[in-house]
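Please look over the sequence and the structure shown below before reading on.

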Amino acid sequence: MADFWSGFLLPLIIIVLQILAIVVPLLVGVAYLTYAERKVMGAMQLRQGPMLVGPFGLLQPMADGLKLLAKEHILPSGANRVVFYVAPMLTFFLALVAWAVIPFADGVVLANINVGILYLFAISSLGVYGIIMAGWASNSRYAFLGGLRSAAQMISYEVSMGIILVTLILQTGTLNLSAMVQSQQSLWHIVPHFPLFVIFVISALAETNRAPFDLPEAEAELVGGYNVEYASMPFALFFLGEYANMILMAAVTSLFFLGGWLAPFNVSLPWVPGIVWLAGKTACILFVFIWVRAAFPRYRYDQLMRLGWKVFLPFTFVWLVGTAFVLKYG
């Protein structure tokens, strides 16, 4: 019995507690990211945003969650029941499992694998399947068109993001996320690779279907896109998955370009833990996401594809070749 406790049960409990320590703050962060988005956009548009539920509207995310839980769920006639329900669960699940390799501070990571960057790229590539499944299973033309748009959009911008990651891997010589952060001790990657940073942030907007690249769910022509037939909790899972992916992409951008948990300019502040620096940088990137939504109109679909294939792809490829040349002969 003692061997069973020490060899199996205790490590299992520790792993479950570690997972909860990541998932619970993430879900709270998702809830209050929606609040922050509505408040920031309200300030930019000279209005107050949520103010009624709780002091300063701080309980508005909880009220929204309860409303979605209480709503009636409707299964469209002709929909594929199994795929219809699996799609939002898959989207939400993939948004959570990617956090397994994210280092929050030096040595603070659930799975410190040597191919963490490949793991992240694989999980982000799988994310499109949930949206395609939702569009197909809904038995709706609008949802189907939204799913097709999303597939083309996410694949297009993943190519540029992949080349950017190859450039950083070429410079640092590692696929480990913690080692990638440690390589920025003397100089953050944003300094020599600022154009790649800008392209990565824009590609992250397209990857997460955020404005001005929210073409898969364009209300004007698709009435909501791939999730138009969803309501109540399945819709909430898509909603949670989208905002969890926003936080993930902001954290990944901080790890790749902004030094992750490292303090700016190598400032020694031992009372400020690394996770606070990472959270602050992630919050700054998320503010950019919200600001872009409030400031820029939606792209046309042909403009979206042209930007990905005719601008970002050639530029990132030339930058990759130039980086290889400098590392070899510089």
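Helix 7 is followed by Asn 209, whose phi is positive, near 60 degrees; helices here are DSSP runs of H or I with at least four residues, numbered from the N terminus. The model is a predicted one, in which local features need pLDDT of at least 70 and side-chain atom pairs count only at pLDDT 80 or more, while totals for chains, interfaces and linings use all residues. Residues are numbered from 1 along each chain as its sequence is written, and side-chain values use heavy atoms, with hydrogens and water left out.

How many of the 14 residues of helix 7 are buried? The number is 10, and helix 7 is therefore described as mostly covered, where buried means under 20% relative accessible area, exposed over 50%, and partly exposed in between, with a 1.4 Å probe and protein chains only. The buried residues include Leu 196, Phe 197, Ile 199, Phe 200 and Glu 207, and what covers the buried residues of helix 7 includes helix 4, helix 5, helix 9, helix 10 (274-295) and helix 11 (301-329). At 1.5 Å a residue, the 14 residues of helix 7 should span 20 Å, and its end C-alpha atoms are 20 Å apart, which agrees; the expected span is 1.5 Å times one less than the number of residues.

## Backbone exceptions

Most residues other than glycine have a negative phi, and most peptide bonds are trans. Asn 209, which is not a glycine, has a positive phi of about 60 degrees, and Asn 209 is placed in the loop between helix 7 and helix 8. Asn 209 is buried, with a relative accessible area of 3%. Pro 212 is found in the loop between helix 7 (194-207) and helix 8 (219-222), and the peptide bond from Ala 211 to Pro 212 is cis, with omega near 5 degrees.

Phe 56 also has a positive phi, near 60 degrees, in a residue other than glycine. The place of Phe 56 is in the loop between helix 1 (2-44) and helix 2 (60-70), and Phe 56 is exposed, with a relative accessible area of 60%.

## The nonpolar cores

A nonpolar core is a set of buried Ala, Val, Leu, Ile, Met, Phe, Trp, Tyr and Cys residues joined through side-chain atoms within 4.5 Å. The largest one has 64 residues, of which Trp 99, Ile 102, Leu 120, Phe 200, Phe 256 and Phe 257 touch the most other members. Helix 9 (residues 232-257) gives the largest share of this core, 13 residues. Apart from it lies another core, of 13 residues, including Val 128, Ile 131, Ala 151 and Met 154.

With its neighbours within four places in sequence left aside, Phe 200 is in contact (heavy atoms within 4.5 Å) with Met 161, Ile 164, Leu 165, Met 249, Val 252, Thr 253, Phe 256 and Phe 257.

## The enclosed cavity

On a 1 Å grid over the protein atoms alone, a cavity is a set of points where a 1.4 Å probe fits but cannot get out, and a pocket is an open set with protein on both sides within 12 Å along at least five of seven lines, while lining residues have an atom within 4 Å of a point. Grid points are joined across faces, edges and corners, and a volume is the space filled by probe spheres set on the points.

By this rule there is one cavity of 30 Å³ or more, and about 410 Å³ of space lies in the largest cavity. The largest cavity is lined by 27 residues, of which Ser 124, Glu 207, Asn 245, Leu 248 and Met 249 lie nearest its centre. Helix 9 gives the most to this lining, with eight residues.

The largest pocket has a volume of about 900 Å³. Of the 34 residues that line the largest pocket, Thr 34, Leu 68, Phe 235, Phe 239 and Tyr 243 are the closest to its centre, and the elements that give two or more residues to its lining are helix 1, helix 2 and helix 9.

The second largest pocket has a volume of about 570 Å³. Its lining has 24 residues, of which Pro 25, Trp 99, Phe 104, Ile 247 and Ala 279 are the closest to the centre, and the largest share of the lining, nine residues, comes from helix 1.
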